[in-house]
Amino acid sequence: MEFAGQKIRTTPVTEHDLDFISKIECDASIWSFEETVETDTEKVRDKYRSHFFTVEEKPYAYDFIIRRLEDPEGEPIGLIQMWSYVGHRKSWELGFALLPKYVGKGYGSEATNLILEFAFNGLHAHKVIGMCNAQNVRSAALMQNVGMTREAVFKEELWWNNQWTDQYFFSILEKEFSEQRGRNSDNQAGFC
């Protein structure tokens, strides 16, 4: 399954993408607001391989590579992913990362909107959440930009830069997503 917007397209992570995934996941400068960053590329590869699924399986996670439409080579510029947060509540959590030279150009927002569309119209999610370090201004702004609401501040939740720091909790409900886009979700085409 592939989704396209005006500037980017997302493609499911495959074995071919694992070099890029390992590079981006093990780059501490990209994850500078995280408590820890994996340094073992084989662990990263194994983690993403475990997300690969067969047609008969109900996926726990969806991982996508972000590619610019204007790039004929389709070089990856980032990663967007979603995993089951609380299955029986039909809620999913999202995460994203872009290579630094592509930050601030709208690619992350567009990819997040595409994955929200997939979550609500393809997976029939009730809620999608996202969390970030309170110091990660760009991540918080992106989630607000796509219509997510900051629901909570988890006080001193993260041990980051040798100090306790707050974590923001964002969410968007299916009905909010539909209202913000000015359409009724019952009339949407499927994504699966």
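Guide: Helices and strands here are DSSP runs, numbered from the N terminus (H or I, at least four residues, for a helix; E, at least two, for a strand). You are looking at a predicted model, in which local features need pLDDT of at least 70, side-chain atom pairs count only at pLDDT 80 or more, and totals for chains, interfaces and linings use all residues. Residues are numbered from 1 along each chain as its sequence is written, and side-chain values use heavy atoms, without hydrogens or water.

Now step back into H4 itself, residues 137–145, where Ser139, Ala140, Leu142 and Met143 are buried. These four are on the same side of H4, because they cover an arc of only 160° around the axis (the arc of the directions from the helix axis to the C-beta atoms). "Buried" means under 20% relative accessible area, "exposed" over 50%, and "partly exposed" in between, with a 1.4 Å probe and protein chains only. On the face turned away from the buried side of H4 you find Val137, Arg138 and Asn145, which are exposed.

What do the buried residues of H4 pack against? Their partners are E5, H3, E6 and E8, where a contact means heavy atoms within 4.5 Å. Let's visit these partners in turn.

Strand E5 spans residues 91–98 and includes Leu98. With a relative accessibility of 15%, Leu98 counts as buried. Beyond its neighbours within four places in sequence, Leu98 touches several residues, among them Ile24, Ile30, Ile77 and Tyr107. Ile66 is another contact of Leu98; 32 residues separate the two in sequence, yet their C-alpha atoms are 8.2 Å apart.

Between H3 (107–122) and E6 (127–133) there is a loop that holds His124. His124 is not a glycine, but its phi is positive, about 60°. The loop between E7 (149–160) and E8 (163–173) has a residue of this kind too: Asn161, with a positive phi near 50°. Asn161 counts as exposed, because its relative accessibility is 55%.

Another helix with a buried side is H2, residues 41–51, where Val44, Arg45, Tyr48 and His51 are buried. Their arc around the axis is only 115°, so they sit on the same side of H2. Lys43 and Ser50 are exposed on the face turned away from that side. The packing partners of the buried residues of H2 are helix H1 (18–25) and strands E3 (61–68) and E4 (76–86).

Finally, the wider view. The chain has 5 helices and 8 strands, in the order β-β-α-α-β-β-β-α-β-α-β-β-α along the sequence. Of its 192 residues, 47% are buried. Among contacts with a separation of 6 or more, 60% link residues 24 or more positions apart. Along the principal axes, the C-alpha atoms fill a box of roughly 50 × 40 × 35 Å. The radius of gyration is 16 Å, which agrees with the value near 16 Å for a compact globule of 192 residues (taken over C-alpha atoms; the globule rule is 2.2 Å times the number of residues to the power 0.38).
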